[in-house]
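Trainee: Could you take me through the terms used for this model, one at a time?
Mentor: Gladly; have a look at it first.

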Amino acid sequence: MKDFNDKIAVVTGGGTGMGRGLVLQLVEAGCHVATCDVLMDNLDETLSLAKKANPEVTVTGHTCDVGVEDDIKRFAEEVREQHETEHINLLFNNAGIGGGGGFVDGPRDQWERTFAVCWYGVYWSAREFMPMLVASEEGHIINTSSVNGFWASLGGGISHTAYSAAKFAVKGFSESLITDLRLNAPHVKVSVVMPGHIGTSIAINSARILGNAIEPTLSDSDLEQVKQNWIDRGMPVHNFTPDQIRERLREVRTQFRDNAPTTADQAATIILNGVREERWRILVGDDAHRLDEAVRAAPEEAYEPDFTQRRRLLGSLSSEDE
């Protein structure tokens, strides 16, 4: 699919980050877009920017929690009605959150919430929109995994189970679709996207969605747990007050967005170029390429405590799950 002009795209998680970047670059290319998010203040801003970028195309915004199957069903029906179509050409399963780091000793509800958004959001969306892709003359499904879809870690001392498990599932599902589509719908292609550290608001948005986004709402016991986690990781925060922990949380989440080696717009460009080139495997960011090479070179060593230091990767890896 070399040309997106007059095509119809669906983008989940379009409110910020790579989702917003994809929406804006698609409309600039003449593509009609339906996008959804669970945080409507973010999505409204995306819609405003999109309509200014190209008022000639149809752009619709939809409230949808991709971790709830009924929401995705409703979203798909709204796309059919508002775009007056039975087909789409592009499906970007982009929405995701971080969280649910600990499996052995962590809250089950947060684990399952993270897994539902990051895996079932992709699965349910693919189920609902696949008939519309197949109904098109040419189609492409693009599923966002992560470097944590081939390396289930953020480095020693940090549990990262729910997100990693979900992203491994997305990668495996996408790869399995290569043959399935070739046999049953050869005009539909598939890509799996594996970003490294991208300048997005995932840390901020994840906290909002999981219920602890606004630091003043965190209880003293919650803050003490955050503080203890940092102490266990060697951070000198023993004398921090609750207000200082809150402020540090804000800084960490903002720095994740603002200090990334690859911007969200750059990531969107890489993804769309990969779609044009029909590449099934799209690594995003130099850090993603370096980590991929390191894990492939020494897979048995990938989870040793000094792996990130030895491979000089620590500076390119940041946690969105503090």
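Mentor: We will go through the sheet, a helix and the cores.
Mentor: This is a predicted model, where local features need pLDDT of at least 70, side-chain atom pairs count only at pLDDT 80 or more, and totals for chains, interfaces and linings use all residues. Residues are numbered from 1 along each chain as its sequence is written, and side-chain values use heavy atoms, with hydrogens and water left out.

Trainee: Why are β4 and β5 called a pair?
Mentor: Two strands pair if DSSP finds at least two bridges between them. β4 (residues 90-93) and β5 (residues 139-144) have four bridges, in the parallel sense, so by that rule they pair. The bridge partner of F92 in β5 is I142.

Trainee: What makes β3 and β9 edge strands?
Mentor: The open sheet has seven strands in the order β3-β2-β1-β4-β5-β6-β9, with parallel pairing. β3 (59-63) and β9 (281-284) each have a single partner strand, so one side of each is left without a neighbour in the sheet.

Trainee: What is the angle of α5 to β6?
Mentor: α5 runs at about 155° to β6 and lies across β5 and β6. Axes are lines fitted to C-alpha atoms, for helices over the stretch in contact, and angles run from 0 to 180 degrees between N-to-C directions.

Trainee: Why is a set of residues called a nonpolar core?
Mentor: The name applies because its members are buried Ala, Val, Leu, Ile, Met, Phe, Trp, Tyr and Cys residues joined through side-chain atoms within 4.5 Å; buried means under 20% relative accessible area with a 1.4 Å probe, protein chains only. The largest has 38 residues, with V10 and F129 among those with the most contacts inside it. α4 gives the most, 12 residues.

Conventions:
Buried < 20%, exposed > 50% of the residue type's maximum accessible area, 1.4 Å probe, protein only. Helix = DSSP H or I, 4+ residues; strand = E, 2+ residues; numbered from the N terminus. Contact = heavy atoms within 4.5 Å.
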